[in-house]
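Subject: The model you asked about

Hi,

Here is the structure to open in your viewer. Have a look around, then read on for what turned up.

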Amino acid sequence: MNYIVLDLEWNQPLHSKTGENIKQKNVLFEIIEIGAVKLDENLNEIGRFNRLIKPVVHKKMNPIISNITGIKEKDLNKEKKFPTVIEEFLIWCGDDYIMCTFGNQDVYELEANMQYHNINIPWKFPLLYIDIQRIFSIENNEINEQRSLEMVSMFMGVSGKNAYHRALSDAIYTAEVMKKMNRNSFEKYMSLDYTNLPTNKSEEKEIDLGTHLEYLSRAFEEKEEMMACKEIYITRCPVCMKKCRKKIKWFSDSIKYICMARCENHGLIEGLLYLKKNHNGYYVLRKTIGVDEKRFMDVVKKRNLINEKRKLRKNKEKTQ
Ligand SMILES: [Zn+2]
């Protein structure tokens with residue numbers, strides 16, 4: 001099995017009036033460069049892929065992106081379009097590989113661009129990939145930090161004179177960082193891609209991502225149908241996978257649902273439930289994490305605060 005270390009550069013529109021980058025939903029981050037390094041199972045480099053891509057959606061180069069990457073509009077005009085380049089890329093990848101990226105956005109944007117161009121996404125559920133940024137955070141006990149590739153490569157002693165923010169050089173830096181890391185971590189702390197959902201109930205399973213369990217539901221046509229599905233509310237212990245009794249029932253903080261449960265043998269567990277929607281329909285992402293008493297008390301406080309606010313609002317409505 002080979003490792004495909006991938007990095008992308010993309011263009012995005014400017015807000016016409018303010019000159020700021022648009023960060024709203026449904027804006028395609030259009031890929032203008034794919035860079036990748038192929039490593040064998042011993043992390044020896046066995047190939048490189050490097051292509052610029054002619055944009056068809058955001059044809060005007062965003063000056064901020066031009067500044068960061070050094071890619072100019074005239075550089076892209078003579079290049080091939082995305083469907084041709086992605087076909088070449090997938091052939092270059094071969095059959096037996098695992099994708100490696102720095103951060104969780106590259107796999108997502110690659111698939112978003114493929115969907116935009118109606119290109120069949122070849123990876124079936126579950127697509128597990130290696131996010132080097134995440135693994136670096138876990139290994140350095142700073143799970144909520146997202147360090148830049150510059151910082152991580154410097155820390156690992158592999159920074160060089162090639163410019164950052166170009167697809168191939170970033171892929172090379174990421175590959176060099178990988179060579180310095182604990183290899184066991186790659187398999188232990190995989191990341192799960194959410195683009196391809198399970199196609200039926202029997203494909204749904206909880207996946208151990210090293211730090212927590214993740215469950216992706218199949219897609220539902222109606223939100224109500226999904227909410228009525230008992231399976232989505234289960235909490236399993238991340239250690240023994242047994243179903244656990246709730247200590248705090250699911251409640252909403254308006255972004256997600258939270259619950260607390262306890263495994264008789266392995267202690268407290270926090271459940272997080274995200275309701276999502278993609279081109280297939282409505283689906284649920286559930287994370288289950290082992291936590292300590294302090295976290296449990298924080299969640300109790302949070303729930304009480306939400307309940308208080310709700311009560312106040314109701315009373316106000318009554319008196320109006
Ligand atoms: Zn347990």
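What geometry does the site of the zinc ion have, given the angles among its 4 donor atoms? The site is tetrahedral, with angles of 106 to 113° among those donors. (Four donors count as tetrahedral if all angles lie between 85 and 135 degrees.)

Before going further, a word on where this comes from: it's a predicted model, so local features need pLDDT of at least 70 and side-chain atom pairs count only at pLDDT 80 or more, while totals for chains, interfaces and linings use all residues. Residues are numbered from 1 along each chain as its sequence is written, and side-chain values use heavy atoms, with hydrogens and water left out.

**The zinc site**

The zinc ion is held by Cys 237 (SG), Cys 240 (SG), Cys 263 (SG) and His 266 (ND1), at 2.1 to 2.3 Å. Donors here are N, O and S atoms within 2.8 Å of the metal (3.2 Å for Na, K and Ca); water is not among the atoms, so sites may look incomplete. Along the sequence, the donor residues follow the spacing C-x2-C-x22-C-x2-H. Cys 240 sits in the loop between α9 (223-227) and β9 (245-252), and His 266 in the loop between β10 (257-263) and β11 (267-278), so the pair ties together parts that are 26 residues apart in sequence. (Helices, H or I with at least four residues, and strands, E with at least two, are DSSP runs numbered from the N terminus.)

Cys 240 is partly exposed at 27% relative accessibility, and His 266 is partly exposed too, at 39%. The cut-offs: buried is under 20% relative accessible area, exposed is over 50%, and partly exposed is in between (1.4 Å probe, protein chains only).

**The whole chain**

Of the 320 residues, 48% are buried.

**The cores**

The largest nonpolar core has 37 residues, and Tyr 3, Ile 130, Met 178 and Phe 186 have the most contacts inside it. (A nonpolar core is a set of buried Ala, Val, Leu, Ile, Met, Phe, Trp, Tyr and Cys residues joined through side-chain atoms within 4.5 Å.) Its largest share, 7 residues, comes from α7. Domain 1 (2-188) and domain 2 (200-308) both give residues to this core, so it lies between them; domain bounds come from an automatic or database domain assignment.

Leaving aside neighbours within four places in sequence, Ile 130 is in contact (heavy atoms within 4.5 Å) with residues including Tyr 3, Ile 98 and Phe 186. Apart from this core lies another, of 26 residues, among them Leu 8, Phe 29, Ile 31 and Val 107.

**Helix α4**

This helix covers residues 105-116. Its buried residues include Val 107, Leu 110 and Met 114, and the buried residues of α4 pack against β1 (2-11), β2 (30-39), α3 (82-93), β4 (97-101) and β5 (128-131).

Most residues other than glycine have a negative phi, and most peptide bonds are trans. Check these exceptions:

- Phe 125 and Pro 126 are joined by a cis peptide bond, with omega about -10°; Pro 126 is in the loop between α4 and β5.
- Asn 141 has a positive phi near 55° and is exposed, at 75% relative accessibility.
- Met 241 has a positive phi of about 65° and lies in the loop between α9 and β9.

Cheers

Notes
Tetrahedral: all angles 85-135°; square planar, octahedral: opposite > 155°, others 65-115°. Expected span 1.5 Å × (residues − 1).
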